[in-house]
Amino acid sequence: MSDTAAAPVSKRVFIDKQSPKAYHALTETAEAVRAVAADAGLDRTLVELINLRVSQVNGCAYCLNVHTRAALRAGETTQRLGVLAAWRDTELFTARERAALALAEAATEPADTAVQESAYDAARQALTDDEISAAIWVAITINAFNRVSIMSKHPVRAIPQQ
């Protein structure tokens, strides 16, 4: 086979389209979680930071694309979005945001119990029980959407510059 031969095209099933009832249930869950987060006092920018950080950890290009735009619409800055992957190494995030991001990472990679305990300890110092619950639910929900998009290989299309 030559070096110029085209790579085989992977045909993925868009599971959100193939099983719309299941996907609709997931979107209803996301709506309920957004309401829980708002009721708990998590502002939209923090919810989007959680969505983005989890999507970074999971490597979900589609969700990163969607939630970057949502974060910017919610008022997040490009500077903070640019350093989100290294949030621990900057002072741009509040203690509350750091606690929520640590919980989100622990919910995304739950097998590491030491990380979970550390995240919970930090959360107890900075967040209420309602905020802890909401932050974890946001992380769980975006993890599910990440898996839908990753397994479906949802494409990211260029957006024309305005």
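The sulfur of Cys-60 lies 3.5 Å from the closest cysteine sulfur, that of Cys-63, which is too far for a bond. In this predicted model, the count of disulfides is therefore zero, because a disulfide requires two cysteine sulfur atoms within 2.5 Å.

**Cysteines**

- Seen from Cys-63, the closest cysteine sulfur is that of Cys-60, at 3.5 Å, again too far for a bond.
- Cys-60 is buried, because its relative accessibility is 1% and the cut-off for burial is under 20%.
- Cys-63 also counts as buried, with a relative accessibility of 5%.

**Largest pocket**

- The largest pocket holds about 390 Å³ of space.
- Its lining is made up of 21 residues.
- Ala-30, Arg-34, His-67, Ile-142 and Phe-145 are the lining residues nearest the centre of the pocket.
- Four helices each provide at least two residues of this lining: H2 (20–40), H3 (44–58), H4 (61–73) and H8 (129–152).
- Helix H8 supplies the largest share of the lining, with six residues.
- By residue class, the lining comprises eleven nonpolar, six polar and four charged residues.

**Asp-16**

- Asp-16 belongs to helix H1, which spans residues 15–18.
- This residue is buried, because its relative accessibility is 9%.
- A polar contact of 3.0 Å links the side chain of Asp-16 to the side chain of His-154.
- When neighbours within four places in sequence are set aside, Asp-16 is in contact with Tyr-23, Val-148, Ser-152 and His-154.

**Thr-45**

- Thr-45 is located in helix H3, one of the helices that supply at least two residues of the lining of the largest pocket.
- With a relative accessible area of 14%, Thr-45 is buried.
- The side chains of Thr-45 and Asp-43 are joined by a polar contact of 2.8 Å.
- Excluding residues up to four places away in sequence, Thr-45 touches Ala-74, Gly-75 and Glu-76.
- The C-alpha atom of Thr-45 is separated by 8.3 Å from that of Leu-72, a residue 27 positions away along the chain.

Terms used. Residues numbered from 1 in each chain as written. Predicted model: local features only at pLDDT ≥ 70, side-chain atom pairs only at ≥ 80, totals over all residues. Heavy atoms only, no water. Buried < 20%, exposed > 50% of the residue type's maximum accessible area, 1.4 Å probe, protein only. 1 Å grid on protein atoms, 1.4 Å probe; cavity = no way out; pocket = protein on both sides within 12 Å on 5 of 7 lines; lining within 4 Å. Points joined across faces, edges and corners; volume = space filled by probe spheres on them. Nonpolar A, V, L, I, M, F, W, Y, C, P; charged D, E, K, R; others polar. Polar contact = N/O pair within 3.5 Å; in protein donor to acceptor, adjacent residues only side chain to side chain. Contact = heavy atoms within 4.5 Å.
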